[in-house]
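Me: Please go through this structure with me and say, for each label you use, what value and what cut-off stand behind it.

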Amino acid sequence: MPPTTPPVTAPNPTPTEPVNVARTPYRAPHPTTPRPVTTSIPILRADASGIAAVRAYEDAPSTSTIAVPVIDIAAYTRSVLDLTMRLAEVIFASGAGAEDATAAMHALTRAYGLRGTDANITHTIITLTHEDQSTHEAISRSRDVKYRTLNYAKLTATSELIADLIEEPTDVAEARKRLATIVSSKPQVPPLYRRFGWSLVGAGAAALIGGGPIVVLAAFVAAFVIDLLTTALDNRRVPLFYQTVVGGAIGPLFAAFVPLVDPTATPSLVVVATIIMLLAGVTTFGAVHDTLSGFYLTGTARLIEALLITGGLVAGVAGSSLLLARFGLDLRINADVSPTLGNLAIQLVAAVVIVVGFGLATQVPWRAVWVVSLLGAVAEAIYLGATNSGFGLVWSSGAAAMGAGLLAAVGARIVRTPPLVIIVCALVPLVPGLALFRGLLQMSDGDINGLLNLLTAGAIAVALAASAILAQLIVQYVWGPGRRLQRRFVGPLMALPVRLGRNPGPGTRI
């Protein structure tokens with residue numbers, strides 16, 4: 001028999017050490033000349049060197065021999081997105097519109113070297129997404145802005161920080177420290193002085209609509225108590241509707257004591273003054289601003305919030321009036337107040353008092369108080385002159401807002417404050433809160449004329465916001481560089497500092 005060949009068995013494999021393979025982020029090759037991939041560059045961080053490297057790589061042509069930086073792209077992108085969203089959240093929660101916060105996010109991400117970033121705001125949700133243009137991988141972040149309070153000192157400081165980062169981006173860690181300092185710093189005005197400011201708004205509103213000394217004093221005390229109670233309810237997370245119900249119920253209670261001190265006084269003016277104090281019109285202005293800027297969902301949500309606040313006021317005033325009627329105190333709410341030129345000086349002084357009080361309550365920077373007071377008097381004078389010339393409430397409001405908006409561009413440059421702060425404060429005496437309340441009050445009584453008053457209030461709100469926005473749009477296009485961001489934005493920047501100039505060079509903020 002032929003010898004058999006034993007089967008050949010492979011030797012047992014010896015264990016080998018794992019091979020460390022350097023991982024590099026995938027880059028789609030260029031169709032003709034792919035970029036070389038090297039692993040000699042150290043890992044970059046979200047600091048000045050990292051920003052420079054990312055910008056150099058993004059701006060280099062596809063045929064360049066620049067090396068692909070071995071960096072943690074995802075970590076760098078997340079750190080920049082997190083900083084950007086925190087900055088946008090602060091200005092949005094402090095009173096800025098959706099368009100300003102969106103524009104700030106676009107400008108910040110581009111300053112830090114990120115291309116292809118998409119930002120959006122839907123009422124309280126801020127969304128920011130970045131897509132790598134070579135790998136088509138996206139990183140998305142979102143934040144929920146649960147509570148919004150007007151804080152113009154914080155808004156101004158954060159806007160200046162955003163402008164500085166757009167001009168010269170710094171380390172992300174350093175930028176976050178500066179933002180944390182702004183957020184955690186002590187308020188510019190203590191709570192007691194802010195409450196005193198709301199009291200000045202109520203007293204000034206009473207004087208503006210023709211109230212005497214007793215009515216002004218009653219409105220001052222009522223506004224103080226209203227802010228005290230609503231703040232306590234807000235600290236306990238009571239819904240806003242019930243806060244306004246309580247605030248609306250306080251006015252008639254204080255108005256019931258006015259005839260006991262001065263039988264010739266009109267107690268209903270106390271109620272109207274407290275309503276104007278509660279309906280400062282900022283929500284309505286923001287709703288119209290967002291709607292005209294193309295953020296329809298956010299604008300509609302803010303409009304519903306304004307109607308909800310007004311409905312709570314009507315419920316509070318009606319319930320308190322019924323309670324007083326049980327005790328024989330018939331308090332008729334008369335909301336028919338028409339402006340006249342007979343007491344022009346008193347009305348101008350009252351408008352200034354309202355603006356100063358609102359500035360204290362919203363913590364307007366001290367350097368801008370004199371500007372907002374002056375523009376408040378100017379806007380009131382234009383409004384009174386137009387109404388007494390027969391132009392009607394809507395066109396008179398639009399003319400006053402246009403004048404205040406044009407002058408606000410000059411004032412914003414002088415005091416280094418965003419135009420939004422100056423415009424909103426100057427237009428507080430002209431808000432349509434009184435017309436809104438009159439319409440809902442008539443509707444609750446079954447009067448069909450209330451619908452007409454509601455339409456008038458809506459038209460006044462649109463006229464105020466649209467005219468102020470148009471004034472800023474004209475200024476930023478005629479007097480300055482206008483828009484230097486994506487062209488999909490509709491309105492002008494109102495909460496971010498814009499350096500105006502025909503030939504913007506180095507140092508242009510936006």
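**Labels and the values behind them**

Me: Why is Glu-89 called buried?

Reply: Glu-89 has a relative accessible area of 19%, and the label buried is given under 20%, exposed over 50% and partly exposed in between (1.4 Å probe, protein chains only); Glu-89 is therefore buried. The model is a predicted one, in which local features need pLDDT of at least 70 and side-chain atom pairs count only at pLDDT 80 or more, whereas totals for chains, interfaces and linings use all residues. Residue numbers start from 1 along each chain as its sequence is written, and side-chain values use heavy atoms, with hydrogens and water left out.

Me: What makes the pair of Glu-89 and Arg-143 a salt bridge?

Reply: The closest N and O atoms of Glu-89 and Arg-143 are 2.7 Å apart, and a salt bridge requires a side-chain nitrogen of Lys or Arg within 4 Å of a carboxyl oxygen of Asp or Glu, so the pair qualifies. Arg-143, at 24% relative accessibility, counts as partly exposed.

Me: How do you know that Glu-160 and Arg-367 meet in a salt bridge, and which parts of the chain does the pair link?

Reply: Their side chains come to 3.0 Å, N to O, which is within the limit already given for a salt bridge. The pair links distant parts of the chain, with Glu-160 in helix 4 and Arg-367 in the loop between helix 13 (344-361) and helix 14, 207 residues apart. Glu-160 has a relative accessible area of 31% and is therefore partly exposed, and Arg-367, at 31% relative accessibility, also counts as partly exposed.

Me: What makes Asp-290 and Arg-302 a salt bridge, and are these residues buried or exposed?

Reply: The distance between their side chains is 3.4 Å, N to O, and this too is within the limit for a salt bridge. Asp-290 is part of helix 11 (residues 282-292) and Arg-302 part of helix 12 (residues 296-326), so the pair ties together parts that are twelve residues apart in sequence. Asp-290 is buried at a relative accessible area of 1%, and Arg-302 counts as buried at 8%. Salt bridges that share partners also join Asp-82, Arg-86 and Arg-176 into one network, and a search of the whole structure finds eight salt bridges.

Me: Why is helix 4 called roughly antiparallel to helix 5?

Reply: Helix 4 (residues 152-167) and helix 5 (residues 172-184) pack at an angle of about 170°, with their axes 10 Å apart. Axes are lines fitted to C-alpha atoms, for helices over the stretch in contact, and angles run from 0 to 180 degrees between N-to-C directions; angles under 35 degrees count as roughly parallel, over 145 as roughly antiparallel, 65 to 115 as roughly perpendicular and the rest as oblique. The angle therefore makes helix 4 roughly antiparallel to helix 5.

Me: Which residues have the most contacts inside the largest nonpolar core?

Reply: They are Phe-285, Phe-358 and Leu-427, in a core of 112 residues; a nonpolar core is a set of buried Ala, Val, Leu, Ile, Met, Phe, Trp, Tyr and Cys residues joined through side-chain atoms within 4.5 Å. Its largest share, eleven residues, comes from helix 2 (residues 73-93). Beyond four places away in sequence, the residues that Phe-285 touches include Leu-420, Leu-427, Leu-464 and Met-494.

Me: Why is Glu-380 called buried, and what does Glu-380 touch?

Reply: Glu-380, in helix 14 (residues 369-388), has a relative accessible area of 3% and is therefore buried. Not counting residues up to four places away in sequence, Glu-380 touches Leu-208, Gln-347, Leu-348, Ala-351, Pro-429 and Leu-430.

Me: Why does Arg-416 count as exposed?

Reply: Arg-416 has 54% relative accessibility and therefore counts as exposed. This residue is found in the loop between helix 15 (392-415) and helix 16 (419-426), and its phi is near 55°, a positive value in a residue other than glycine. Most residues other than glycine have a negative phi.

Note on methods
Helix = DSSP H or I, 4+ residues; strand = E, 2+ residues; numbered from the N terminus. Contact = heavy atoms within 4.5 Å.
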